[in-house]
Each structure stands twice: as C-alpha cells, then as structure tokens.
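Work through the exercises below with the sequence and the 3D structure at hand. Try each task before reading its solution.

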Amino acid sequence: MAQAQQRTPVTANVPNDLEPYWIPFTANRAFKARPPLLAGAKDMHYITADGRKLIDGSAGLWCTNAGHNRDPIVKAIQAQAAELDYAPAFQFSHPKAFELASRVAALAPGDLDHVFFCNSGSEAVDTALKIALAYHNVRGNGGRVRLIGRERGYHGVGFGGVAVGGIVSNRKQFGTLLVGVDHLPTTYNREQQAFTIGEPEWGAHLADELDRIVTLHDASTVAAVIVEPVAASTGVLPPPKGYLERLRAICDKHGILLIFDEVITGYGRLGYAFAAERYGVKPDMITFAKGITSGSVPMGGVLVRKGIYDAFMQGPEHAIELFHGYTYSAHPLACAAGLATLDVYRDEGLFERARKLEKPWGEAAMGLKGMPNVLDVRTVGLTVGIDLASRPDAVGRRGYDAMVAGFFEHDLTFRAIGDTLAMSPPLIVSEAQIGEMFDKLAKCIKQVA
C-alpha cells in the first residue's frame, strides 16, 4: 500500500511565505521580488508594514468610496457577526436583505425596483446576462440569445462577462467563451477627444453601429446590450454626449434589453448614486458592486425594472421562478455593511461632495498636459485616465514602473493599466489632497520619462 501523504497539522505554525499565493491580475514574479504590501488603512490612506502612510489614489480598486475603515461601517459588521453570521440564501432569508434591497431600489431611477444580490461585479454581470436570456425565454422569445458588448469594455471575469467584454488580454487565453456575441466599437478616438474634461463632444454617432449589428443578426436573435456608462477599467473613457441616449433609443426600437454595468460608476463616483441618473438614461438593468459596501465586505447585485421581474412571477406560487443564485447572496455581514455605507453616503453628502469636487479634480488632472510622454488625459466625475507613451521595447513597463515608484518612493497608490495610469479616490478626498495626489503623480511620471 502506498504510504499516506504527510499533511501539515491545522494548528502548525506555517511560515508566511509569498510563494503559495497566486495573485490575480498581477505580475507575480515581479511582485514577489519586491512586494508592495499593505498592512493597514484609515480614511484616505493605506499604511505599510514599516509605518508609511500612502494616500489612496484609486479608492482601493475603485471601491472604497466612503474611505477606509470608517467607524460606522466597522461597527455594523462587528455587531452583525455577533448576531447572525449566516442565513441560507435559498428558501430562507433575513431582515437586512430586504432592508438593503429597499434602500438600493430607492436610489435607482424610474422603475428599477427589484434587486438580485450576489457577491462581486463579475457575478452581477453574469446574473444580468442570465436574467436577460431567461426574460426573453419566459415571454416566448427563446430565439433571443445573442449578447452585445463593446470593444474595450470590462465586465468582470465570468465566462459571460469576459465574452461580452472587449479587452483582448482578458480574452485571448480562454478559447471561444460564449458563442454568438458581438461588439460595438469603442467610443474612444484620441485624435478627436484628447484632453477632454467630462463627456467629449465627438462620438455620439458611434451608437448607430448598434443598428448595423442588429440588422446583420436580425433583432429577433438579440437579447441584450451591455455597456459601462464610463469604460473605467480600460483607462477611463467617458461616453460622448448623446451616445447613451442613442443606445437606449435603438434598443427600444428593436425590443432589446439595455444593461448598464455600474460596478465602478455606481455609488457616487460620478457625483450621483448611479451614472444612469447623471446621464438621464434609464437602462433595463444596472449591475453594481464595489461601492455598495465601500469595499469592506464582498457584495454585488443587479437592479431590475419592474416589468422584467413581473414577467417571471407567473405559474404556481410554490415554484421557483429563476434558477439562479449564490450561497452567499445577501450575506448578513455584507447587508449590514451595505446599510451602514449607504448611511455614510447620505449623512455626509458624499455624492453631492463628489459633484462639487469634479471641477477642481479635472483642473488638477489637466495640469499633467505637456509632461514627458503624456499622450492624453481624460477625466469625468472623480476619475482620470492618463495615457503614457509606451517604451518601444517594453509595452506596459513605463506604467508599471510609475506605479512602483508611487508606492515605494512617493507614498501614493494608483492603478497602472498597461501604460495608462488611472486614479479615482475615495469621495472623502479634500481639495488639498487632490493637489497632493497630482503633485505626487507628476513626480512618478517624470521619474519614468
């Protein structure tokens, strides 16, 4: 008989080795050679193991909208953990799930009255796509199975989200993904839109490509279109003026559902609860995550219009209407965190604060124009994307080096997306901190020139 494999006892003192953890969306070998480790956080700052304070230029990962370790949110999570740690998500629930759903629905425009909870933006996107397919099916239009995304769109890492997404590096390793998916062209054109504050004037006509795609496939085969109001993860691409309105009109003409992926733009990032409110366009579904708990506990969800929900509420009352869900949907700790986070947004007027700060933020961002290798600066709400010229022999290295310099030498964290730098701070940022962040970012850009 083969000798049994020895295992480490669960109580053993295991050394804190960097090697076992496979870090997502990260150059693991470069990271582990010089690890940028964070040991603490409070309000606008991260704290390193050696006690340095780094100003957080990217709200964690676009998610700590209320700032870090806010006392009301921390206390709500602690109290909930002591009261109810978990409730089954299927066929049972708990009061805070309904309270949070009501609060979220009240923030949404129009008749986006129903909330399906999950645990991340990726799950929210796949949930919305499944609801779209099932909706047409229950209405007798089972032939509507085609999904349409957009080039340079990011919709998470599920098979559905990657399929409708349009970032090539996120797609190329994973085969055919979902069949029958098509893509709108990106809304970005540097020649026409460079160094724009807010929504660019040029580009609304690009929405008309949806009519061409629908004609190619026939409207009877198309279930839904999904777009980010601002394509953030690809480097902050604001929508051209009138673009989203045209998409809505074309979808209405052909009976196609329109989904806004607001995982990043939701909860104040653009000065409103949702970008749909900023742009005056009501989608059929909104996906959200990140800011719902200010990043404190994983949570996501989908807001759904009443007519979509009602289409499923047919047949025997004891029968399941939608065969979909997650073990941790509406987890008690996440719901407690979400309720406390919404209280902070309301009590501190953080959405309104973001609107007031948009002008000084944009002006500070445009101060980078003319710096070495800066090809474009785009800003909308409290977001900014800065394109740097790539090194001929190492695409993406200049952006990576700038990020490393920010962490180790200039006490600033921000996102490096290839050679694009992105910042989007917690909504509690002050004007003085905005100046500090862009001053430090300028030093990083000069350092990697």
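**Exercise 1: The second largest cavity**

The second largest cavity has a lining made of G153, Y154, H155, G156, G161, V162, G165, G166, I167, N170 and R171. The model is a predicted one.

Task: Find which helices each supply at least two residues of this lining, and state how the lining of the second largest cavity divides by class.

Solution. Step 1: Compare the lining residues with the helices. Helix 6 (159-164) and helix 7 (168-171) each give at least two residues to the lining of the second largest cavity.
Step 1: Sort the lining by class. Three residues are nonpolar, seven are polar and one is charged.

**Exercise 2: The largest cavity**

Task: State how many cavities of 30 Å³ or more a search of the whole structure finds, and describe which residues line the largest cavity.

Solution. Step 1: The search finds two cavities of 30 Å³ or more.
Step 1: The largest cavity contains about 50 Å³ of space.
Step 2: Its lining consists of T187, Y188, Q193, T196, G198, P200, L237, P238 and R378.
Step 3: Sorted by class, the lining of the largest cavity has four nonpolar residues, four polar ones and one charged one.

**Exercise 3: The second largest pocket**

Task: How many residues line the second largest pocket, and which of them lie nearest its centre?

Solution. Step 1: The lining of the second largest pocket has 34 residues, and A89, V115, F116, E321 and H324 are those nearest the centre.
Step 1: Look for elements that give two or more residues to this lining. They are helix 4 (95-107), strand 4 (114-118) and helix 12 (306-312).
Step 2: By class, the lining of the second largest pocket has 23 nonpolar, nine polar and two charged residues.
Step 3: The space in the second largest pocket is about 1,200 Å³.

**Exercise 4: Helix 9 and helix 10**

Task: Describe how helix 9 (residues 209-217) and helix 10 (residues 243-254) cross, and name the residues of helix 9 and helix 10 that meet.

Solution. Step 1: The two axes come within 9 Å and cross at roughly 25 degrees.
Step 1: Angles under 35 degrees count as roughly parallel, so helix 9 is roughly parallel to helix 10.
Step 2: The crossing of helix 9 with helix 10 is right-handed.
Step 3: From helix 9, L210, D211 and V214 meet L247, I250, C251, K253 and H254 of helix 10.
Step 4: The contact of helix 9 with helix 10 is made up of five nonpolar, one polar and two charged residues.

**Exercise 5: Helix 14 and helix 16**

Task: What is the angle between helix 14 (residues 350-366) and helix 16 (residues 431-447), and how far apart are their axes?

Solution. Step 1: The packing angle is about 20 degrees, and the axes are 10 Å apart.
Step 1: Helix 14 and helix 16 are therefore roughly parallel to each other.
Step 2: Their crossing is right-handed.
Step 3: Helix 14 contributes L357, P360, W361, A364 and A365 to the contact, while helix 16 contributes E431, I434, M437 and F438.
Step 4: The contact of helix 14 with helix 16 has eight nonpolar residues, no polar ones and one charged one.

**Exercise 6: Helix 4 and helix 13**

Task: Is the crossing of helix 4 and helix 13 left-handed or right-handed?

Solution. Step 1: Helix 4 and helix 13 (residues 332-347) pack with their axes 9 Å apart, at an angle of about 35 degrees.
Step 1: The crossing of helix 4 and helix 13 is left-handed.
Step 2: On the helix 4 side, the contact residues are K96, A97, E99, L100, R103, V104 and L107. On the helix 13 side, they are C335, A336, G338, L339, L342, D343 and R346.
Step 3: The contact of helix 4 with helix 13 comprises eight nonpolar, one polar and five charged residues.

Notes. Residues are numbered from 1 along each chain as its sequence is written. This is a predicted model: local features need pLDDT of at least 70, side-chain atom pairs count only at pLDDT 80 or more; totals for chains, interfaces and linings use all residues. Side-chain values use heavy atoms; hydrogens and water are left out. On a 1 Å grid over the protein atoms alone, a cavity is a set of points where a 1.4 Å probe fits but cannot get out, and a pocket is an open set with protein on both sides within 12 Å along at least five of seven lines; lining residues have an atom within 4 Å of a point. Grid points are joined across faces, edges and corners, and a volume is the space filled by probe spheres set on the points. Helices (H or I, at least four residues) and strands (E, at least two) are DSSP runs, numbered from the N terminus. Ala, Val, Leu, Ile, Met, Phe, Trp, Tyr, Cys and Pro count as nonpolar, Asp, Glu, Lys and Arg as charged, and the others, Gly among them, as polar. Axes are lines fitted to C-alpha atoms, for helices over the stretch in contact, and angles run from 0 to 180 degrees between N-to-C directions. Angles under 35 degrees count as roughly parallel, over 145 as roughly antiparallel, 65 to 115 as roughly perpendicular and the rest as oblique. A crossing is left-handed if the near helix is turned anticlockwise from the far one by less than a right angle, and right-handed if clockwise. Contact means heavy atoms within 4.5 Å.
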